[in-house]
Amino acid sequence: MRKVLAVVGAVALTVAAAAFVGLPVRAGAQAGGTIEVEVRYNGSPVIEDVKVNKDVEVCGKEKKIDKIAVGPNKGLADTLVWVTDAKGPATSKPVALDQKGCEFHPRLLPMPPGEVDILNSDGVLHNIHTFSSLNPTINKAQPKFKKVMKERLEKPEVVRVQCDVHSWMQGWIVVVPNPFFGVTDGRGVTKIENVPPGKHPIEVWHPLLAKQAKEVEVKAGQTVKVAVELKK
């Protein structure tokens with residue numbers, strides 16, 4: 001019994017000491033909560049058919065571009081959800097935008113301020129071209145032998161991306177100032193974990209639709225579910 005009490009006491013002292021000196025405590029039931037967001041679209045999918053006239057051996061002869069991708073139950077894919085006021089350290093996970101099959105993967109890439117790898121998995125010439133207000137413009141050729149280019153985007157903003165060689169290649173990079181963000185999957189769902197407890201505003205953004213904001217109350221160790229419908 002004494003041994004059990006000693007172990008419990010030691011664990012409690014370790015957690016208390018970490019909190020006192022500002023060291024991170026491992027995320028768990030009491031560290032934060034989860035926001036699960038389901039985004040729906042009240043309209044029809046928007047798909048653009050493109051005839052390919054360049055690098056057809058890699059790109060194919062035609063492309064179907066899902067500009068507004070709608071899945072089962074009207075779920076809206078490729079939609080960014082982020083907690084606008086939460087504070088937290090940026091993730092150190094590597095960030096990459098790939099050019100594969102003459103399309104950007106992912107089409108919508110959220111990232112913390114810092115470095116992004118621009119990949120060329122196609123083995124053909126691409127030209128990465130960004131359009132931004134706060135970050136320096138990138139406009140660089142990426143030959144087939146240059147598999148990776150490392151670039152930096154330090155200022156939070158929405159950055160439009162295109163390939164000047166293949167005009168249908170369009171994408172978005174969103175530089176987010178905190179780590180509390182997610183992108184909806186094919187069902188229109190995303191989860192944001194370890195959000196600090198409390199009331200937080202969230203923003204839901206799609207490149208072609210009107211954005212929407214909501215307030216969400218997060219409780220430690222719990223998941224709050226939010227439903228959002230976007231319109232044109």
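Predicted model: local features only at pLDDT ≥ 70, side-chain atom pairs only at ≥ 80, totals over all residues.
**View 1**

**View 2. D55, a non-glycine residue with positive phi.** Although D55 is not a glycine, its phi is positive, at about 55°. D55 has its place in the loop between β2 (46-51) and α2 (56-59).

**View 3. The peptide bond between H105 and P106.** The bond that joins H105 and P106 is a cis peptide bond, with omega at about -5°. P106 itself is found in the loop between β6 and β7 (108-111).

**View 4. An open sheet of four strands.** The strands of this sheet follow the order β6-β5-β8-β11, and their pairing is mixed. At the edges are β6 (103-105) and β11 (148-153), each of which pairs on one side only. On average, neighbouring strands of the sheet are turned by 25° against each other, with direction ignored. Within the sheet, β5 (residues 96-100) and β8 (residues 114-120) pair in the parallel sense over four bridges, and the bridge partner of Q99 in β8 is N120.

**View 5. The aromatic pair of W172 and W205.** One aromatic pair is counted in the model. The ring centres of W172 and W205 are 5.9 Å apart and the ring planes stand at 80°, so the pair is edge-to-face, given that planes over 60 degrees apart fall into that class. Because W172 lies in strand β13 (residues 170-175) and W205 in strand β16 (residues 198-205), the pair ties together parts that are 33 residues apart in sequence. W172 counts as partly exposed at 23% relative accessibility, whereas W205, at 14% relative accessibility, counts as buried.

**View 6. R160 over the ring of F131.** The charged end of R160 sits over the ring of F131, at 4.2 Å from the centre of that ring.

**View 7. The chain as the setting for the close-ups.** The chain has two helices and 18 strands, and of its 232 residues 40% count as buried. Among the contacts in the chain with a separation of 6 or more, 61% are accounted for by residues 24 or more positions apart.

Terms used
Residues numbered from 1 in each chain as written. Heavy atoms only, no water. Pairing = 2+ DSSP bridges. Axes fitted to C-alpha atoms, helices over the stretch in contact; angles between N-to-C directions. Buried < 20%, exposed > 50% of the residue type's maximum accessible area, 1.4 Å probe, protein only. Contact = heavy atoms within 4.5 Å. Phe/Tyr/Trp six-rings, centres within 6.5 Å; stacked < 30°, edge-to-face > 60°. Lys NZ or Arg CZ within 6 Å of the ring centre and 35° of its normal.
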